[in-house]
Amino acid sequence: MKKNWPILVVDDEDVMCESMAAWLREDGYSVDTAPDGKKAVELAKSSDYAICFVDLKMPGGMDGIETMMEIHRVRREASVIIITAYATVDTAIQAMKEGAQEYIVKPCNPQEISMLVSRILKLKKLQSENAILRKKLTRQYRHHDIITKNPRMEEILALTQDIASLRSTVLIRGESGTGKELVARAVHFSGNRAEKPFIVVSCAALTETLLESELFGYEKGAFTGAAAQVKGKFELADGGTIFLDEIGDISPKLQADLLRVLQERRFYRVGGNQEVEVEVRIIAATNKNLAEEVQQGRFREDLYYRLNVIEIRLPALRERREDIPLLAEHFVQRIASELGREISGISAAALKVLIAYDWPGNVRELENVIERAIVTCRNGTLEEQDFSWLRQNSGPQQDWEVPDVSLDELERRAIITALERKHGNVKEASASLGIDRSTLYDKLKRYEIVH
Amino acid sequence: MNALYLVAIGNVPEKTWEWIENAAAEWYPLPVRRLPGLAIPEGAYDAKRKQYQSVELMKMLAQQAPHDAGRILGVTEVDLAIPMLSFLFGQAQLDGPVAVVSLCRLHQEFYGLPAQENLLRERTVKEVLHEMGHTFGLVHCAEPTCAMSLATHIEFVDAKAEQYCSRCGLQLVQRFTAVDGGV
């Protein structure tokens with residue numbers, strides 16, 4: 001294991017180099033030595049050193065700090081420990097400022113070195129674990145939980161790859177539960193920002209003032225309780241992507257603020273008078289028709305055009321029914337294993353019910369429905385009866401074939417069905433038919449329906 | 001057959017050899033031989049630190065080793081150090097023939113305490129096993145009671161047993177039973 005963390009010792013004194021190397025080798029490390037900065041940088045180019053011990057004073061050529069900076073240029077991740085025979089506060093500060101991880105005065109206690117090395121390596125291990133997890137996360141979102149064989153969705157997925165490394169703002173439209181955040185993640189994690197933060201802000205969840213400080217941060221003393229300066233989501237997302245969910249719900253004041261950020265990539269923290277500059281990609285999402293909101297005067301036109309550089313419209317689940325079996329199977333596998341239930345799959349009859357249902361809550365609703373069915377399921381397969389409650393709630397369209405009758409007859413039947421379903425309550429029946437109560441009374445009279 | 005040579009650097013009490021020879025006979029399948037004592041090399045003394053540079057002693061041992069020396073272990077009473085570290089209990093070439101052990105910090109008197117010969121014997125044996133282990137390719141062991149665990153303080157030396165842990169011991173045996181004898 002220790003062999004994976006090679007160490008470099010740089011000192012012009014051969015004795016110093018060799019004795020230090022020997023001591024570290026006894027501890028199982030693979031150690032190289034270099035007599036000067038030039039050789040050290042050369043070695044660093046071909047070997048990924050975890051730690052470099054660099055003597056501060058080396059006559060001729062590069063000194064320790066220059067050597068460290070050069071090493072960092074080729075090995076950004078290497079931890080450099082500056083060694084010196086005499087410590088002054090100034091050199092220590094300079095070394096740390098230039099990026100030294102530690103600063104030690106020789107000779108030092110053997111225990112100190114052992115602890116120092118193991119502390120740095122512990123950190124390195126955590127960092128590399130972190131990197132692995134990040135990679136896993138990236139893989140998870142590469143094509144990414146978006147399961148589809150629908151041509152339109154496939155086009156959208158291809159588009160997310162094409163635009164992943166651009167900085168252009170993206171506007172994702174779609175009903176709730178269609179996977180707007182997943183698509184936003186797919187865009188972020190497929191591009192060159194994948195290693196950088198992906199920050200989600202749900203604009204609908206917060207009041208105007210809260211959202212403002214959430215987005216832009218605030219200065220100490222900006223308001224009661226602002227005990228320290230706090231960075232906002234825009235700053236946290238610097239270099240990465242900010243995902244503004246439910247953008248259609250933000251107030252006119254925030255629309256103006258946001259427009260400024262989009263135009264200038266700069267903003268003020270709440271209560272602050274210093275501009276903060278950020279490099280952030282913005283992906284916004286809404287379930288509203290923003291063009292209509294603009295027409296109604298509820299959404300700024302200029303902001304709309306700024307956001308709507310690349311538009312992605314996600315189809316509702318009922319527009320991609322062919323994906324329902326795929327998604328259902330996927331959710332069954334995932335949720336059953338999460339809940340520790342042994343469920344082998346879904347019966348054909350049950351699938352039929354799922355395909356016929358209209359899914360107003362889209363994929364999220366499907367996921368919740370499957371979870372509920374798994375929880376209540378008595379045997380190893382999800383059967384039709386596990387979704388019977390869904391059938392009761394579902395709209396009249398399912399399994400619906402247009403009967404071969406006149407339009408009038410169709411209307412008459414629709415009214416009768418609505419009345420039956422609402423147990424003769426005209427107010428509710430008219431609401432479900434989407435007409436006035438008086439219109440319904442007129443039609444009842446016209447079709448001679450007795451209720 | 002190659003031998004393990006023991007050599008005093010400066011004055012070393014006679015009883016020390018008996019302790020080391022017994023331990024070596026128990027662990028290593030090499031004939032153990034004594035060489036005439038050597039003087040502390042000039043230039044090894046660091047007047048500023050009032051210590052001796054371990055590397056200089058090791059260089060001398062390498063030069064003085066007889067041609068049939070599989071291993072050569074120098075023992076000294078002087079306090080050893082390397083430029084980077086304030087002291088050493090001993091040093092060895094990893095998987096190489098030369099090792100040196102300093103008795104200086106193994107004495108209770110060094111810590112201002114009354115002498116304890118048995119404790120000194122135990123510590124000496126542990127340090128010899130440790131440095132010799134390095135010459136046979138063993139690196140530091142995470143098991144604190146193993147002779148190969150890293151001791152940066154005398155308490156750590158005392159926490160060890162006078163033996164290798166089963167894993168390190170097995171590694172030694174495998175080495176000695178290899179075709180070339182591993183020595």
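# A walk through a two-chain model

Let's start where the two chains meet: 20 residues of chain B are in contact with 20 residues of chain A. Keep in mind as we go that this is a predicted model. On chain B, helix H2 (54–64) and strand S7 (90–92) each supply at least two residues of the side that touches chain A. Sorted by class, that side of chain B has 10 nonpolar residues, nine polar ones and one charged residue.

Chain B has five helices and eight strands. Follow chain B from the N terminus and the elements run β-α-β-β-β-α-β-β-β-β-α-α-α. Of the 183 residues in chain B, buried ones make up 41%. If you take the contacts in chain B between residues at least 6 apart in sequence, 64% of them join residues at least 24 apart.

One is strand S3 (residues 51–55) of chain A, which runs parallel to S1 and is joined to it by four bridges. Another is strand S2 (residues 31–34) of chain A, again paired with S1 in the parallel sense over four bridges. A:Ile7 is a handy residue to look at here: its bridge partner in S3 of chain A is A:Ile51, and in S2 of chain A it stands opposite A:Val31.

To see how A:Cys52 is surrounded, leave aside its neighbours within four places in sequence: A:Cys52 is then in contact with A:Leu8, A:Val10, A:Ile71, A:Ala78 and A:Val80.

A:Ile172 stands opposite A:Ile312, which is in strand S14 of chain A. Strand S6 (residues 170–173) of chain A pairs with S14 in the parallel sense, over four bridges. These two strands belong to an open sheet of five strands in chain A, ordered S7-S10-S13-S6-S14, with parallel pairing. Which strands stand at the edges? They are S7 (198–202) and S14 (310–313) of chain A; each has a single partner strand, so one side of each is left without a neighbour in the sheet. From one strand to the next, the twist averages 20 degrees.

A few spots in the backbone of chain A deserve a look. Most residues other than glycine have a negative phi, and most peptide bonds are trans. The peptide bond from A:Lys106 to A:Pro107, however, is cis, with omega near -5 degrees. You'll find A:Pro107 in the loop between strand S5 (102–105) and helix H5 (110–140) of chain A.

Next come some residues with positive phi. A:Glu246 has a phi near 55 degrees, a positive value in a residue other than glycine. A:Glu246 lies in the loop between strand S10 (241–245) and helix H10 (252–264) of chain A. Is A:Glu246 buried or partly exposed? It counts as partly exposed, because it has 18 C-beta neighbours inside 10 Å, and a residue needs 20 or more to be buried. A:Asn362 is not a glycine either, yet its phi is positive, about 55 degrees. A:Asn362 is found in helix H15 (residues 362–376) of chain A. With 24 C-beta neighbours inside 10 Å, A:Asn362 counts as buried.

We finish at helix H19 (residues 437–446) of chain A. Of its 10 residues, the number buried is one, so helix H19 of chain A lies largely in the open. After H19 of chain A comes A:Glu448, whose phi is positive, near 55 degrees.

Note on methods:
Residues are numbered from 1 along each chain as its sequence is written. Chains are lettered from A and ligands numbered from 1 in the order in which they are written. This is a predicted model: local features need pLDDT of at least 70, side-chain atom pairs count only at pLDDT 80 or more; totals for chains, interfaces and linings use all residues. Two strands pair if DSSP finds at least two bridges between them. Axes are lines fitted to C-alpha atoms, for helices over the stretch in contact, and angles run from 0 to 180 degrees between N-to-C directions. Two residues are in contact if their C-beta atoms, placed from the backbone, lie within 7 Å. Ala, Val, Leu, Ile, Met, Phe, Trp, Tyr, Cys and Pro count as nonpolar, Asp, Glu, Lys and Arg as charged, and the others, Gly among them, as polar. A residue is buried if 20 or more other C-beta atoms lie within 10 Å of its own, exposed if 12 or fewer, and partly exposed in between; C-beta atoms are placed from the backbone.
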